[in-house]
Amino acid sequence: MIESNNTPYDLLGGAEGLRTLVNQFYVNMAECEEAESIRQMHQADTTVVAEKLYEYLSGWLGGPSLYKYKYKTVCITRPHAQYVIGVKQREEWLYCFYKAMDDVGVPAQVREILKQPLYRIADFLRNS
């Protein structure tokens, strides 16, 4: 059972769990046919962007606000504005993220808690 005082960050295993999840997300993006268009938006080396996603999600999920401290903002629309992000790209991103949660063994209850918020943030970034 999930305790109500735990943040999603805590439920994912804190820094270590979140980093594992983000790393698996980028493995999925690199390897899954279903991620072709979002894979093309990234350089071959995803080390920098993976760190940014980790930092952003840390604060967004209730952990340390690493992205905000480093970049003095939590705005993620500006960095994504250079890319065409439509329904297809949203669905590819979500596919990789949901699959990463399955791959690393995020409990079903936690996946269910995160499903709609992740959809909303991915949908928010659509610009076409």
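How many helices and how many strands does the chain have? In this predicted model, the chain has 8 helices and 0 strands. Along the principal axes, the C-alpha atoms fill a box of roughly 40 × 35 × 25 Å.

Among contacts between residues at least 6 apart in sequence, 70% join residues at least 24 apart. Of the 128 residues, 36% count as buried. The accessible surface comes to about 7700 Å², and carbon and sulfur atoms account for 52% of that surface. As for charge, the chain carries 14 positive and 16 negative side chains, and the centres of the two sets lie 8 Å apart.

The cysteines come next. C96 is found in helix 7, which covers residues 87–103. Is C96 buried or exposed? Its relative accessibility is 0%, so C96 counts as buried. Leaving aside residues up to four places away in sequence, C96 touches F25, N28, M29, A35 and I38. R120 is 24 residues from C96 in sequence, and the C-alpha atoms of the two are 15 Å apart in space.

C32 also counts as buried, because its relative accessibility is 10%. Which cysteine sulfur is closest to that of C32? It is the sulfur of C96, at 5.3 Å, which is too far for a bond. A disulfide is a covalent bond between the sulfur atoms of two cysteines. The cut-off used here for such a pair is 2.5 Å, and by this rule the count comes to 0 disulfides. C75 has a relative accessible area of 29%, so C75 is partly exposed.

One backbone angle deserves a separate look. K72 sits in the loop between helix 5 (66–71) and helix 6 (77–80). What is the phi of K72? The angle is near 60°, a positive value in a residue other than glycine. Most residues other than glycine have a negative phi. The relative accessibility of K72 is 69%, so K72 counts as exposed.

Methods. Residues numbered from 1 in each chain as written. Predicted model: local features only at pLDDT ≥ 70, side-chain atom pairs only at ≥ 80, totals over all residues. Heavy atoms only, no water. Helix = DSSP H or I, 4+ residues; strand = E, 2+ residues; numbered from the N terminus. Buried < 20%, exposed > 50% of the residue type's maximum accessible area, 1.4 Å probe, protein only. Contact = heavy atoms within 4.5 Å. Areas by Shrake-Rupley, 256 points an atom, 1.4 Å probe, with all protein chains shown as cover. Lys, Arg positive; Asp, Glu negative; His and termini not counted. Charge placed at Lys NZ, Arg CZ, Asp CG, Glu CD.
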